[in-house]
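This report describes selected features of a single protein model. Please keep the sequence and the structure in view while reading.

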Amino acid sequence: MTLECLRSVQAETRVPYELIVVDNTSTDGSAEAIAREFPDITLLAEGENHGFAKANNIAAERAYGEYILLLNPDTVVLEGAIDKLVTFAEQRPDARIWGGRTLYGDHSLNPTSCWRRMSLWNIFCRTFGLTGIFPSSPVFNSEAYGGWDRSAERPVDIITGCFLLIGREDWQSLGGFDLTFFMYGEEADLCLRAAQILGAAPRMTPDAVIVHYGGASEKIRSDKMVRLLKAKSELITRHIPNWQRPLAKALFGFWPLTRRLVFSVLRPGGDNALVWSEIWKRRQEWRRGFSG
């Protein structure tokens, strides 16, 4: 997948660019394969797995361009998407962070390219299952912008790190990703800090399109969800208003329990019931975010 991604960058990009790849000590020969096929790119073959946040910070330190583009290895650039995203950034400079539209491998919409910030309301909707019952509702699934097909330009709260463009000076002024986050949540924290500190108003364009397969490097679902929940709990601590935070934390803490109960009733002993049971048992790992 990484080789496919790099081929698509070279085939579809005309704006001047430098290509920097951080290999987080992969064990499948990726670094060697990249070095053979792409001898002219900057390849940083690391001796340890730094996680998503630190690895991107390491790459950004080597960048000299006006913009920094974060691009996941499990993506494919389509029809000049990077060129179009840079053009969009130049047309909408006040946004300061820009993103595009993502598709799954079958080219159906992958809606995870952008998100609304977490709020007391959307945490309530997720915990009590309203998000799952009404996935296309902009009211009950507001965090995922339910019902929006990503076919129009608009401001968003969070651009996902799989395809995120930011000015290099802004990246540096924010200190890049906060290294408290290992994987998941770092781009949400970055976008929310950018809005608070720089007055950023991130925007997405439907014209810059990539394939994002998603989850290709993470196979154990319960471990992934524990990491995700830990990051989300930290985001509540940092970015939910003080007066709402205790209730938001309490509601969020019971979300895996409600999922466990629902799946245990619908399909006792099924994979989903078992996974959510394990996540609930491991709640001490994620309920307090990174302060636990």
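Glu79 is exposed, with a relative accessible area of 63% (buried means under 20% relative accessible area, exposed over 50%, and partly exposed in between, using a 1.4 Å probe and protein chains only). The residue lies in the loop between strand S4 (75–77) and helix H4 (81–91); helices (H or I, at least four residues) and strands (E, at least two) are DSSP runs numbered from the N terminus. Phi of Glu79 is near 45°, a positive value in a residue other than glycine.

Tyr145 also has a positive phi, of about 50°, although it is not a glycine. Its place is the loop between H6 and strand S8 (154–155). Is Tyr145 buried or exposed? Its relative accessibility is 4%, so Tyr145 counts as buried.

## Basis of the description

This is a predicted model, in which local features need pLDDT of at least 70 and side-chain atom pairs count only at pLDDT 80 or more, while totals for chains, interfaces and linings use all residues. Residues are numbered from 1 along each chain as its sequence is written, and side-chain values use heavy atoms, with hydrogens and water left out.

## Nonpolar cores

The largest nonpolar core has 45 residues; a nonpolar core is a set of buried Ala, Val, Leu, Ile, Met, Phe, Trp, Tyr and Cys residues joined through side-chain atoms within 4.5 Å. Ile159, Ile166, Trp171 and Phe252 have the most contacts inside this core. Helix H9 (residues 221–239) gives the most to the core, with 6 residues. Another core, of 21 residues, lies apart from it and includes Val9, Ala81, Ala89 and Ala95.

In helix H10 (residues 245–253), Ala248, Leu251, Phe252 and Gly253 are buried. The buried residues of H10 pack against helix H5 (120–127), H9, helix H11 (255–266), H12 and H13. Leaving aside neighbours within four places in sequence, Ile166 is in contact (heavy atoms within 4.5 Å) with residues including Tyr67, Trp98, Trp171 and Leu190.

## Aromatic rings

A search of the whole structure finds 13 aromatic pairs. Rings of Phe, Tyr and Trp (its six-membered ring) pair if their centres lie within 6.5 Å; planes under 30 degrees apart count as stacked, over 60 as edge-to-face and the rest as tilted. Phe134 and Phe140 form a tilted pair, 5.1 Å centre to centre with 35° between the planes. Phe134 is partly exposed at 37%, and Phe140 is partly exposed at 27% relative accessibility. The ring centres of Phe252 and Trp255 are 6.3 Å apart and their planes are at 40°, so this pair is tilted. Both Phe252 and Trp255 are buried.

Ring pairs also link Trp121, Phe124, Phe128, Phe134 and Phe140 into a cluster. The charged end of Arg126 sits over the ring of Trp255, 5.4 Å from its centre; this term requires NZ of Lys or CZ of Arg within 6 Å of the ring centre and within 35 degrees of the ring normal.

## The second largest pocket

About 210 Å³ of space lies in the second largest pocket. On a 1 Å grid over the protein atoms alone, a pocket is an open set of points where a 1.4 Å probe fits, with protein on both sides within 12 Å along at least five of seven lines, and lining residues have an atom within 4 Å of a point. Grid points are joined across faces, edges and corners, and the volume is the space filled by probe spheres set on the points.

Arg126 and Trp255 are among the lining residues, as are Phe128 and Phe263. H11 provides the largest share of the lining, 5 residues.
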